[in-house]
Amino acid sequence: MNFTYNTTIRACFVAYIVQAILNNFLPLLFVHFQNIYGLSLGQLSFLILGNFLLQLTVDLLSAKYADKIGYRKITVISHFSVVIGFVLLTILPSVMSPFWGILIAVAFYAVGGGVIEVLISPIVESCPTQNKEAAMSLLHSFYCWGHMAVILLSTLFFYFFGLKYWKILAFLWALVPLVNGLLFTKVPIIPLIREGEQGMSAKKLFSTKMFYYFLLFMVCSGASEQAVSQWASAFAEQGLGVSKTLGDLIGPMSFAFFMGLSRWLYGKFGEKINLYISMIFSALLCILAYTLIIFSPYPPLSLLGCSLCGFSVGLFWPGTLSFAAYKLPLGGTAMFAFLALAGDLGCATGPGIAGIISGIFGNQHIGFMVASLFPIVMIFALTTKRKELI
């Protein structure tokens, strides 16, 4: 088989599907784990928190060690770490404390997920492609398609075969990182920082004013996205009066579909569209989506606002990475690692603030009203740096 840079990019696309699998498969089993293992809501919440914290830790460590270890080696290791995590998920809960067994499994695949988040974007950025902004957007669309596939295919599997065979499904999902990890042992990979060049140190990055704006963009990107994504299922149930299972399908899948669609469209036609103008349009559309969610007196329009939000935030994350790679070409792995860290902080902050404020006032709309500040800050920061970005 002839391995080209197109093969490398396809492997990177699949890597983002791997990340979608490891982030979204386990929550589908939470109710089942409550029933068979007696896990509490607190323990289930800690599994999510543990996954998040470990990925944040790996983001930080990648900034220091990824270049020393080498892109190929650490990417292959990350895929096999996900495989080990999924295999352990089927074994450890039966031979030790179920909670600790699942947590150990989560730790293994969280390490893989953190590495994938940091390294796959710079690998794509380093490949000799005609339109890097479009390639980056298309790359991130595969997380959305993977998210949809995990929900849909897993739900169909459970419907036809039953939850009792969830371990078989875990093994089947583990085949994806296994095959892709083997593929990464063969595909050509170019270091982001060429021989003879020196990447920017963390100290140099944080002494660059523009870098702080990119960090702010990433925080706003993650927060704007997850503040709505985490509540999409509730809106589906409220707006359409459907069951919890169907609500999970309609809400999160609708959000993921439209987010993936916007990234795919920019990936397809991005070379004809100015990235800065697209980001401004996306931020305005995001504010409109939040307005629908907050002020619509009709629940179906709130659900439409969730879908519209998915479309509007699609370009935020890959667009920011493309801006950063263009303005700071020697940023290297450290830059992508810190940007991933900022994005993850936003992913935690957005739904966290929305949930806390909603709890204080007993009104979800007020929580979303506060969360809508993130896309507002995004558009303000974009316009402030118009001359540098356009």
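Visitor: What should I know about the model before we start?
Guide: Local features need pLDDT of at least 70 and side-chain atom pairs pLDDT 80 or more, while totals for chains, interfaces and linings use all residues of this predicted model. Residues are numbered from 1 along each chain, and side-chain values use heavy atoms, without hydrogens and water.

Visitor: How many helices and strands are there in the chain?
Guide: The chain has 18 helices and zero strands, taken as DSSP runs numbered from the N terminus (helices H or I, at least four residues; strands E, at least two).

Visitor: Where does H4 bend?
Guide: H4 bends by about 40 degrees at Leu89, with Pro93 following within four residues; the bend is the angle between axes fitted to the seven residues ending there and the seven starting there.

Visitor: New topic: what box do the C-alpha atoms fill?
Guide: Along the principal axes, the box is roughly 60 × 50 × 35 Å.

Visitor: And which handedness has the crossing of H9 and H15?
Guide: That crossing is right-handed, meaning that the near helix is turned clockwise from the far one by less than a right angle. The contact residues comprise 13 nonpolar, five polar and no charged, where contact means heavy atoms within 4.5 Å; Ala, Val, Leu, Ile, Met, Phe, Trp, Tyr, Cys and Pro count as nonpolar, Asp, Glu, Lys and Arg as charged, and the others as polar.
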